[in-house]
Amino acid sequence: MIEKDKTLRTLAIAVAIFAVAGFFLPQWAVFMLTLALAKGLVVLGLLILWRTGLLSFGHALFYCTGGYAVGLAGLWGLTDVVALIALGTVASILLAFALGFLITRYREIYFAMLSMAFSMILYGVLVKSEVLGSTDGFNISPPTFLGVKLEGESLTLGNYLVTCLLVWAAGWGVHRYLQSTMGHMSIGIRDNEIRVEYLGVSVRRVIHVKYVIAAALAGAGGAISAMVVGHIDPDSMAYWTVSGEFVFVTILAGTGSVVAPFLGSIVFELVRTYAFQYTPYTWQLILGSTLLLLILILPDGLWSLFTRRKARV
Amino acid sequence: MNIKTMHPLSSAETSKISTLARIAAGLLAVGLVFFFALPAAAQKTELKVGLVAFLSGPAAGPFGIPFRNGAEMVIGGINSGTLPAPYDTGKGIAGVKIVTIVIDEAGGSTKQVTEFRNLVQRQNVDLVVGYISSGDCLAIAPVADEMKVLTILADCGTPRIFEEASYKYVFRTRPHAAMDNISAARYLLDKVPGLRTYAGINQNYAWGQDSWRDFDAAMQALKPMTEATTEQFPKIFAGQYSSEISALMLSQADAVHSSLWGGDLESFIFQATARGLDKRTQLVLTASEPYMFRLGKRMPDGVIIGARGPYGVFAHDTPLNRWFRKNYVDRYATQPVYASYVVGQAFLALKQAIEAAHAANNGNWPSVDQIISAMEYMEFEAFGSTVSMSLGKGHQAVTEAAVGVFKFDVDANEATIQDIKYYAAECVNPPEGISSVDWINGGMQGAKCN
Amino acid sequence: MLTALAILIDGLVYSSWLFIVAVGLSLIFGVMKILNVAHGSLYAFGAYGAATMVGIYFDAGWAPLGSFAMLLLAALVMGAILGIVLERGLLRFVYGRDEVIIVLVTYAAFLILEDVIKLIWGVDPYYAAQLYGLLGMTEISLLVFSNYDLALIGLALFIGGSLWLAINRTRWGKLLLAVIHDREMSQAFGINVTRVYTVTFVLGAVLGALGGAFTAPMISVTPGIGVEVIILAFAVVVIGGMGSVPGAVIGSLIVGLSRAAAVHLLPEIELFVIYGVMSLVLIVRPQGLFGKTAEKRI
Amino acid sequence: MAAILETKGLEKSFGSVTAAVGIDVAVDKHEVVGIIGANGAGKTTFINMVTGFVKPDRGRIFFHGRDITALSPRAVTNLGISRSFQIPQVFTSASVADNLLIALGAAERDRFSFWRPLRRKNLLESAAGQMKLFQIADFADHTAATLPQGIRKLLDIAMAVVRRPEILLLDEPTSGVSAEEKFQIMDTVMSALKAQEVTVLFVEHDMEIIARYAQRVIAFYEGTIIADGATEEVLAHEQVRKYVIGEDLRGGDSQAAPARGNGVVRIDKEAGRA
């Protein structure tokens with residue numbers, strides 16, 4: 001009755017393949033993959049929430065918090081890659097923990113819209129912060145790796161390998177969590193909160209934990225993006241369209257596996273960049289049509305490509 | 001949201017390794033193809049330029065498309081060798097033709113950094129010209145240095161780029177935005193000598209905030225007894241200014257400063273004139289030149305207009321400018337605006353610098369470092385006026401500034417500018433080594449005005 | 001005193017505009033439970049259509065006042081065409097799917113329509129400003145108001161009133177209420193739900209386009225105007241309560257008046273006002289002011 | 001023997017509708033109590049109040065002498081009072097086995113419930129055992145949304161029982177189930193519960209089922225208890241027959257409705273506590 005769960009093996013092998021590929025792939029691809037994986041971390045957090053029936057239209061709040069935490073730490077001279085990612089994650093966790101007391105009362109569209117309102121308030125604050133460069137944002141110096149300063153290609157590769165490692169760790173942890181009792185409580189809360197309460201479990205507390213985990217992942221993703229891009233500004237980190245993109249990738253990817261968010265994120269990034277390159281004047285049309293087709297053909301997300309065959313058997 | 005499409009617990013987490021491995025292998029293959037498709041360095045046959053400008057969104061109409069048009073036309077002139085002197089040195093740049101790869105600037109700095117890398121490493125461009133948004137310029141500059149790619153920031157305004165850092169591979173061939181507001185303040189005080197109060201309406205983002213800060217500071221530096229009555233910061237792309245206009249009316253300021261651009265500026269003008277704001281106060285619109293022809297008689301007479309430099313109607317009447325205007329109007333059936341001018345200016349700078357380096361390199365195609373040395377502290381003739389790369393260790397251009405007053409010539413049915421005043425570069429730009437903000441706040445020490 | 005008057009009038013004008021822009025979104029959500037992101041595109045198409053038709057009208061040299069009919073006509077044509085294309089050509093294939101999926105479908109449609117606008121009208125601005133000044137201005141001491149703006153208040157009242165009558169006093173309205181209340185039951189009673197959906201969506205689309213058409217004279221119609229409107233409309237609808245027409249009225253009033261107050265009294269916070277108000281309302285009343293929560297029977 | 005569950009003077013109204021007035025109930029360990037009453041008599045409200053879903057306007061509820069009136073459903077559940085629902089409250093998109101697994105996982109109250117896998121050997125075995133006990137093992141892999149009503153009811157009850165509660169409140173365990181299935185379901189439930197020595201309160205419309213399974217019966221009428229005692233006696237009680245069972249008692253003098261609150265008939269209380 002216990003099926004052999006291969007997800008962790010798949011994850012480890014995939015991450016290993018990607019990490020090794022980083023040594024051979026062209027620079028632009030490594031950079032793009034780094035960003036796609038960083039955003040995949042954010043989407044992984046949204047996956048946890050979405051399994052619970054909650055969608056945050058304001059998850060950029062934590063992505064941005066992670067990014068700005070790194071930016072501010074950089075201004076104070078902190079450059080170590082591990083410390084920076086940890087800092088971005090912790091900043092998001094603290095914020096989510098505080099907001100969680102409020103937002104866990106909300107469901108459905110109200111959860112989505114209140115999240116969005118929070119993220120837009122942060123956006124407003126940043127736009128008003130001329131010290132932080134307002135909408136122009138500011139630059140961040142490249143991170144150091146345990147005291148070692150890398151440059152050029154090795155910097156790109158270093159960032160990428162750290163990201164791969166984090167993706168593996170996050171995927172592993174989230175998978176364990178999703179397989180746990182509390183992870184499975186997602187389905188319970190989504191289907192029937194009353195029953196969950198009558199099982200003696202606090203729905204709000206479970207959601208609070210999930211919200212904090214999702215925020216931590218988004219904070220880590222934001223921290224990586226900020227370090228890798230070397231620049232942060234509110235428009236590309238906190239605006240509602242950024243959150244919208246995360247939601248889009250979440251649905252596009254599907255919730256079948258912790259690997260799905262990364263796959264979805266990479267596919268999205270590839271579609272977008274090639275639409276940018278080949279149809280600079282109508283890339284939105286191409287992107288929109290592609291996504292529309294994917295939604296219509298694969299209602300359960302890209303991941304259903306890998307599970308459908310099994311379901312038929 | 002009731003999500004019905006979840007996978008049951010028991011079957012979700014088991015996927016086939018083989019399929020996943022196939023994806024990874026596929027991605028790897030795609031990457032490798034591009035990797036080996038890298039062309040080997042050979043005799044220079046073409047100069048591949050990445051051109052980045054807004055092609056979608058609200059900034060496409062006022063900036064992006066005129067920018068791209070200006071680039072297209074000037075590149076055409078360079079490639080066919082039809083530019084007038086001093087650029088009549090044969091076809092192309094040192095005989096090499098320019099080809100472009102155009103990218104949309106929409107989507108924020110993160111996407112732009114990604115696409116910049118793609119341009120350089122996937123598309124193998126030799127250099128990149130573009131960027132209208134200051135945020136994008138700030139983000140791109142360190143990446144360009146890291147990747148050692150010559151990059152010309154052609155249009156963005158923020159002084160911060162070379163005031164906060166210095167770059168080797170990055171140049172900005174247009175002056176930064178501080179002079180727009182300094183010259184506007186000087187002009188306003190000349191035109192309205194008894195001015196006591198002024199107000200502002202600027203978009204609530206970096207550009208608007210910086211513009212107002214510079215203008216306000218310049219006014220205080222030039223005439224300390226004046227006073228700002230209200231500072232309005234509507235959201236960018238809000239389009240609705242009825243409340244702000246009421247607030248401006250109630251403030252009864254002698255003048256209203258605005259750095260609005262594009263659709264926001266036009267909407268503001270419609271709404272302000274429909275309520276007679278232009279009759280009660282002196283409007284100072286620092287970035288409004290691009291819209292005067294299109295708006296025509298809908299632009300109220302007497303408005304103080306800037307073009308962010310000696311461009312458009314402020315451009316000096318030289319053979320270069322005549323060539324530029326004629327070809328532009330012939331080709332696009334519309335007047336060139338400052339976005340068209342500044343991108344043309346960037347390509348002129350490239351032509352002069354590369355050809356100088358080419359000559360110094362005994363007629364061989366110069367290295368990037370040689371081009372950079374040629375461009376640093378270079379002075380060159382552009383379509384609007386003379387440009388000196390005198391700030392930012394030779395990487396930041398300055399020019400003179402120009403301001404005038406709008407008048408719609410009813411008889412000729414034409415938008416015109418009167419009382420044009422030019423301000424020498426040293427009058428409206430800080431000297432090397434001090435930030436614009438500090439310079440203005442410090443009373444603009446050492447400004448040399450004619 | 002004058003400031004108070006300015007806040008009131010500016011607030012009412014802005015509220016009226018918001019209401020006209022948002023009510024179609026609220027209607028569609030109320031009946032179909034679809035959060036239509038493409039509402040912004042409908043707004044943009046309405047504005048472009050109006051600017052185009054007003055331009056043609058003035059070029060033809062007809063009586064200027066008749067140009068107002070062009071705004072209505074543009075909204076009807078654009079709303080009807082796009083409404084039918086979106087509903088019949090796209091949305092009906094995803095009915096019954098998860099709400100989020102439908103939101104994303106409309107988001108994709110929005111992306112596509114953004115470029116379609118560019119393909120049809122290019123990136124240069126269009127104006128319908130000729131008729132903005134036609135109605136003249138009203139002067140109150142230091143303040144001058146455009147009569148066109150003031151007329152928007154009347155238009156909003158008219159639209160709100162007509163909708164209220166249509167929903168509460170007509171047969172169609174009763175069908176609508178039945179479908180809102182219980183879709184399956186309505187179907188069982190022989191109501192043609194498919195038709196109600198199509199009619200509702202087209203009506204909502206026309207209202208969205210109407211918002212754009214009547215905004216066109218006061219703005220420069222450029223690419224991207226739809227993006228800004230979506231969020232505003234969402235906020236209004238969420239504050240008022242999803243799917244409630246009276247809620248849209250109150251939501252618009254709250255946002256409009258607080259924004260006007262901010263502009264006059266504390267311009268620094270203008271950017272936060274709408275989100276601040278939205279958060280406050282949601283914190284106090286999670287379902288919005290007029291929203292209903294379904295008690296779960298156990 | 002002291003009552004493990006006791007309510008004193010519970011009152012509740014929803015707007016103008018009075019759902020409970022002066023409800024005093026005491027239940028002893030291992031009792032099997034049937035609750036009867038017409039629709040709207042306040043039976044479900046009683047269960048909702050006891051399990052914390054509805055707060056009484058007045059009155060107190062004690063569990064082992066501890067006041068649990070203000071507690072949430074979650075807290076009440078954690079004290080050992082479980083319930084089932086008239087409309088089964090299950091996780092519709094999960095399989096029957098997973099429904100039980102989740103319930104079992106929740107029952108563990110494990111500090112590492114965010115980390116330890118749910119699909120563990122002991123939990124899987126417990127779930128299998130529970131399914132066997134409730135005779136729903138054949139449906140283990142079926143999604144709950146697709147189950148026949150009877151099976152869903154059993155699942156709902158099974159989920160309530162995995163916590164091994166001291167008291168189980170069943171809200172109409174056989175409503176919506178065909179007449180043939182009713183006894184089968186009740187047999188299954190009751191034998192399963194007997195195995196776990198649970199005190200049971202169950203709301204039921206069907207007097208045959210009441211007669212067969214309840215040791216004691218409480219009859220509700222318009223928010224009050226009109227009878228409480230041994231099953232046969234209550235069922236035979238005149239007012240119960242008239243107002244609850246709905247028999248036409250011609251010639252009786254009971255045309256007047258029973259008095260509220262104070263007219264409780266305690267029929268042979270001791271008999272009910274056999």
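**Figure 1. The disulfide of B:C137 and B:C156 in a predicted model.** B:C156 counts as buried, at 0% relative accessibility. The model shown here, as in every view below, is predicted. B:C156 forms a disulfide with B:C137, and their sulfur atoms lie 2.0 Å apart. B:C137 is buried too, with a relative accessible area of 0%. The link is left-handed, with -100 degrees about the S-S bond. This pair joins distant parts of the chain, 19 residues apart. B:C137 sits in helix α5 (residues 134-147) of chain B. B:C156 sits in the loop between β4 (150-153) and α6 (160-164) of chain B.

**Figure 2. The disulfide of B:C427 and B:C449.** How many disulfides does a search of the whole structure find? Over all chains, the search finds 2. One of them is formed by B:C427 and B:C449, with sulfur atoms 1.9 Å apart. The link of B:C427 and B:C449 is right-handed, with 80 degrees about the S-S bond. This pair also links distant parts of the chain, 22 residues apart. B:C427 belongs to helix α16 (residues 425-428) of chain B. B:C449 lies in the segment after α17 (436-441) of chain B. Is B:C449 buried or partly exposed? B:C449 counts as partly exposed because its relative accessibility is 40%, between the cut-offs of 20% and 50%. B:C427, at 0% relative accessibility, counts as buried.

Figure 3. A:C64 counts as buried, at 1% relative accessibility. A:C164 counts as buried at 3%. Both values fall under the 20% cut-off, so both residues are classed as buried.

**Figure 4. C:S146 and its contacts.** C:S146 is part of strand β3 (residues 143-146) of chain C. Its relative accessible area is 1%, so C:S146 is buried. Which residues is C:S146 in contact with, leaving aside neighbours within four places in sequence? In chain B they are B:A274 and B:R275. In chain C they are C:Y132, C:G136 and C:M137.

**Figure 5. D:L123 in helix α4 of chain D.** The helix covers residues 121-133, and D:L123 is found in it. D:L123 counts as buried, at 4% relative accessibility. D:Q89 and D:L123 are 34 residues apart in sequence, and their C-alpha atoms are 21 Å apart in space.

**Figure 6. Where chain D meets chain A.** Here 33 residues of chain D are in contact with 26 residues of chain A. The area buried between the two chains is about 2800 Å². Carbon and sulfur atoms give 62% of that area. Which three residues supply more of the area that chain D buries against chain A than any other three? They are D:R74, D:F91 and D:W115, which supply 23%.

**Figure 7. Polar links and elements at the interface of chain D and chain A.** The rule finds 2 salt bridges across this interface. In one of them, the side chains of A:E197 and D:R74 meet at 3.0 Å, N to O. There are also 17 residue pairs in polar contact across the interface. On the side of chain D that touches chain A, α2 (73-79), α3 (96-108) and α5 (149-161) each give two or more residues. The largest share, 6 residues, comes from α3(D). By class, this side of chain D has 17 nonpolar, 8 polar and 8 charged residues.

How values were computed:
Residues are numbered from 1 along each chain as its sequence is written. Chains are lettered from A and ligands numbered from 1 in the order in which they are written. This is a predicted model: local features need pLDDT of at least 70, side-chain atom pairs count only at pLDDT 80 or more; totals for chains, interfaces and linings use all residues. Side-chain values use heavy atoms; hydrogens and water are left out. Helices (H or I, at least four residues) and strands (E, at least two) are DSSP runs, numbered from the N terminus. Buried means under 20% relative accessible area, exposed over 50%, partly exposed in between (1.4 Å probe, protein chains only). Contact means heavy atoms within 4.5 Å. A disulfide is a pair of cysteine sulfur atoms within 2.5 Å. Buried area is the accessible area (1.4 Å probe) that two parts lose on being put together, summed over both. A salt bridge is a side-chain nitrogen of Lys or Arg within 4 Å of a carboxyl oxygen of Asp or Glu. A polar contact is a pair of N or O atoms within 3.5 Å; within protein, one must be able to donate a hydrogen and the other to accept it, and residues adjacent in sequence count only if both atoms are side-chain atoms. Ala, Val, Leu, Ile, Met, Phe, Trp, Tyr, Cys and Pro count as nonpolar, Asp, Glu, Lys and Arg as charged, and the others, Gly among them, as polar.
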